[in-house]
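Please look through the model below with these notes beside you.

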Amino acid sequence: MTDICLEFKNLTLGYRGHAAVHHLSGTAERGVLTAIVGANGSGKSTLMKGIAGILKPISGTCSTGYRRLAYLPQQSELDRSFPARVIDLVSLGFWQDRGLLGRITGKDRAKLAACLDAVGLTGFEKRPLDSLSGGQMQRALFARTMLQDADLILLDEPFNAVDGRTIQDLVRLIQEWAAQRRTVLCVLHDHALVRAHFPRTLLIARKLVAWGPTSEVLTPENLSRARNFQEAWDDRAGWCEDERPGSSPVHEHDGGPKQGGGPKQRVAAHV
Ligand SMILES: Nc1ncnc2c1ncn2[C@@H]1O[C@H](COP(=O)(O)OP(=O)(O)OP(=O)(O)O)[C@@H](O)[C@H]1O
C-alpha cells in the first residue's frame with residue numbers, strides 16, 4: 001500500500017478560464033510537513049483551494065488518499081464580527097462527527113477542554129470572538145483544527161499578525177501533528193521559519209519551481225528563477241506562458257491535460 005496522501009497530475013487551477021497555477025505534478029507522502037512558498041500572487045492560496053476541493057481543476061487532477069481534511073484559510077477570509085464565542089468556534093471541529101445540530105457528549109467536552117489547553121486558551125471558552133487578539137484567534141482556530149482529527153491539514157499563512165511566542169507554540173503543535181502521521185501543508189512567507197522547522201518545501205511561481213528537501217529548494221538559484229517566472233507572468237493570459245503565440249500553439253486548458261514543457265525542475269517533484 002502506498003504512503004501517498006496527495007498526488008497532482010498536470011494540475012491546472014484558475015478562475016473564469018484564466019489559469020493561476022499551471023501543470024503541477026508531484027506527490028506528498030503521509031506524515032510530511034511541507035511549506036508552500038512563493039511571492040504574492042504566485043498561486044499558493046489557489047493551490048490550497050484546489051486541494052480542499054473549493055476550486056475544480058481546469059485540467060489535470062488532484063487525487064487524495066486522506067480520510068479527513070482540515071483547511072484553515074487566511075484570517076482575512078474569516079468574518080470575526082459574527083456573534084459567537086470561542087467555544088462555539090472551536091466546537092465546529094466536531095461538525096464532521098456530530099453534524100451542525102448534533103449533541104456534544106461528555107467525552108467531546110473533555111476533548112474540547114484538552115484542545116483549548118493545548119493552545120493555551122483554557123478560561124477563554126465564553127469570550128466573544130471579536131474580543132480576541134489576532135494571536136488568540138489563531139490559537140482558537142488551531143484548537144478547532146485539532147478537534148477535526150484530520151489526516152490532511154492545510155494552513156494558509158497561519159502566522160500572519162501573530163507574535164513570536166504564539167508562532168513558537170503553534171509550530172510545536174504542527175510538528176506534533178506531523179509526528180502523528182498527519183500530512184501538513186502550510187503557506188508561509190518567512191523563509192527563516194521554513195528553514196528552521198519545515199523539512200520539505202514547494203516553491204511556486206504560478207507553476208512549480210522546485211519541490212523537495214527545504215535546503216535544496218530554497219537556494220538563491222531557485223528563488224531567482226521564481227522571481228523571473230513571476231515577473232514574466234501576464235495575469236490576463238488564458239494560456240500557458242510557455243506556449244504563447246510565437247513559441248508554439250496556444251491552448252486554453254479546456255481539452256484535458258497537455259504538457260506545457262516549462263524549464264526543468266531542479267528537485268524531484270515529490271515529498
Ligand atoms: N477569486 C478569484 N478570482 C479571480 N482571480 C483570483 C481569485 N483569487 C485569486 N485570484 C488570482 O489568482 C492569482 C493567484 O492568487 P493567489 O491568491 O492564489 O496567490 P497567493 O500566492 O496566495 O498570494 P498572496 O501571497 O498574496 O496571498 C492572482 O493573480 C490572483 O489575483
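1. Strand 3 (residues 33–37) pairs with strand 8 (residues 200–204) in the parallel sense, over 4 bridges. Two strands count as paired if DSSP finds at least two bridges between them. Thr 34 has Arg 200, in strand 8, as its bridge partner. Strands (E, at least two residues) and helices (H or I, at least four) are DSSP runs, numbered from the N terminus.

2. This is a predicted model, in which local features need pLDDT of at least 70, side-chain atom pairs count only at pLDDT 80 or more, and totals for chains, interfaces and linings use all residues. Residues are numbered from 1 along each chain as its sequence is written.

3. The open sheet is made of 6 strands in the order 5-6-7-3-8-9, with mixed pairing. Strand 5 (69–72) and strand 9 (208–213) are at the edges with a single partner strand each, so one side of each has no neighbour in the sheet.

4. Helix 5 (residues 134–148) has 15 residues and reaches 21 Å from its first C-alpha to its last, close to the 21 Å expected at 1.5 Å a residue. The expected span is 1.5 Å times one less than the number of residues.

5. Why is helix 5 largely enclosed by the rest of the structure? The reason is that 12 of its 15 residues are buried (20 or more other C-beta atoms within 10 Å of the residue's own, with C-beta atoms placed from the backbone). Among them are Met 137, Phe 142 and Gln 148. Just after helix 5, Asp 149 takes a positive phi of about 50°.
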